[in-house]
Amino acid sequence: MSQKKVRFDQFELDYGRFQLFRKGAPVRLESLPMQLLMLLIDNQPNILTRDQIAAQLWGKDFFVDIEQGINTAIRKIRIALDDDYVQPRFVRTVVGKGYCFVAEIASDDDSEQVMFSAEELGRAVMAAAGLDPNNPGGPRES
């Protein structure tokens with residue numbers, strides 16, 4: 001079971017619990033729209049075509065009205081997120097192409113990442129190799 005959680009705006013999407021929260025309160029979202037929301041977030045910033053969405057959610061040999069299924073799922077996502085298709089904050093329709101998730105997201109993994117500048121990383125690597133960062137050609141003095 002996935003422990004992944006992503007945050008955007010006032011929302012948190014908990015993949016492991018298959019639950020969307022707004023300001024800590026659960027938001028009702030059916031299974032298919034939830035799967036589509038996860039798919040859009042996982043593929044951000046790429047545009048997913050209707051064919052790609054259909055292949056991921058239903059597979060190739062599934063016989064349903066895929067167009068209607070996708071339209072309904074997108075509508076339910078927008079209702080749950082209180083999003084507007086004219087000026088979307090979360091899910092953007094790319095006419096003739098597909099859909100993409102446009103909000104800035106943060107995952108729990110982001111809080112554990114430590115960023116270094118190239119210079120800091122170079123000094124750390126040299127120090128770990130026993131070299132003096134101030135004298136790259138010679139050994140480190142103790």
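**Close-up 1. Arg89 and Asp9 form a salt bridge in this predicted model.** Arg89 is partly exposed, with a relative accessible area of 40%. Its partner in the salt bridge is Asp9. The closest N and O atoms of Arg89 and Asp9 are 3.6 Å apart. Asp9 has a relative accessible area of 52% and is exposed. The cut-off for exposed is over 50%, so Asp9 qualifies at 52% while Arg89 at 40% is partly exposed. Arg89 lies in the loop between H3 and strand S6 (91-94). Asp9 lies in the loop between strand S1 (5-8) and strand S2 (11-14). The two residues are 80 residues apart, and the pair links distant parts of the chain.

**Close-up 2. Glu30 and Lys76 form a salt bridge.** The closest N and O atoms of this pair are 2.8 Å apart. Glu30 sits in the loop between strand S4 (25-27) and H1. Lys76 belongs to helix H3. Glu30 is partly exposed, at 37% relative accessibility. Lys76 is also partly exposed, at 25%.

**Close-up 3. Glu67 and Arg50 join two helices through a salt bridge.** Glu67 is in helix H3. Arg50 is in helix H2 (residues 50-57). Their closest N and O atoms are 3.0 Å apart. Glu67 has a relative accessible area of 43%, which makes it partly exposed. Arg50 is partly exposed as well, with a value of 21%. Buried means under 20%, so Arg50 at 21% does not count as buried. A search of the whole structure finds five salt bridges, including Glu67 with Arg50.

**Close-up 4. Helix H1 crosses helix H3.** H1 covers residues 31-42 and H3 covers residues 66-81. Their axes come within 9 Å. The crossing angle is roughly 80 degrees. H1 is therefore roughly perpendicular to H3.

**Close-up 5. Residues of H1 meet residues of H3.** H1 contributes Leu32, Pro33, Leu36, Leu37 and Leu40. H3 contributes Gly69, Ala73, Ile74, Lys76, Ile77 and Leu81. Nine of the residues in this contact are nonpolar, one is polar and one is charged. Lys76 takes part in this contact and also forms the salt bridge with Glu30.

Methods
Residues are numbered from 1 along each chain as its sequence is written. This is a predicted model: local features need pLDDT of at least 70, side-chain atom pairs count only at pLDDT 80 or more; totals for chains, interfaces and linings use all residues. Side-chain values use heavy atoms; hydrogens and water are left out. Axes are lines fitted to C-alpha atoms, for helices over the stretch in contact, and angles run from 0 to 180 degrees between N-to-C directions. Helices (H or I, at least four residues) and strands (E, at least two) are DSSP runs, numbered from the N terminus. Angles under 35 degrees count as roughly parallel, over 145 as roughly antiparallel, 65 to 115 as roughly perpendicular and the rest as oblique. Contact means heavy atoms within 4.5 Å. Ala, Val, Leu, Ile, Met, Phe, Trp, Tyr, Cys and Pro count as nonpolar, Asp, Glu, Lys and Arg as charged, and the others, Gly among them, as polar. A salt bridge is a side-chain nitrogen of Lys or Arg within 4 Å of a carboxyl oxygen of Asp or Glu. Buried means under 20% relative accessible area, exposed over 50%, partly exposed in between (1.4 Å probe, protein chains only).
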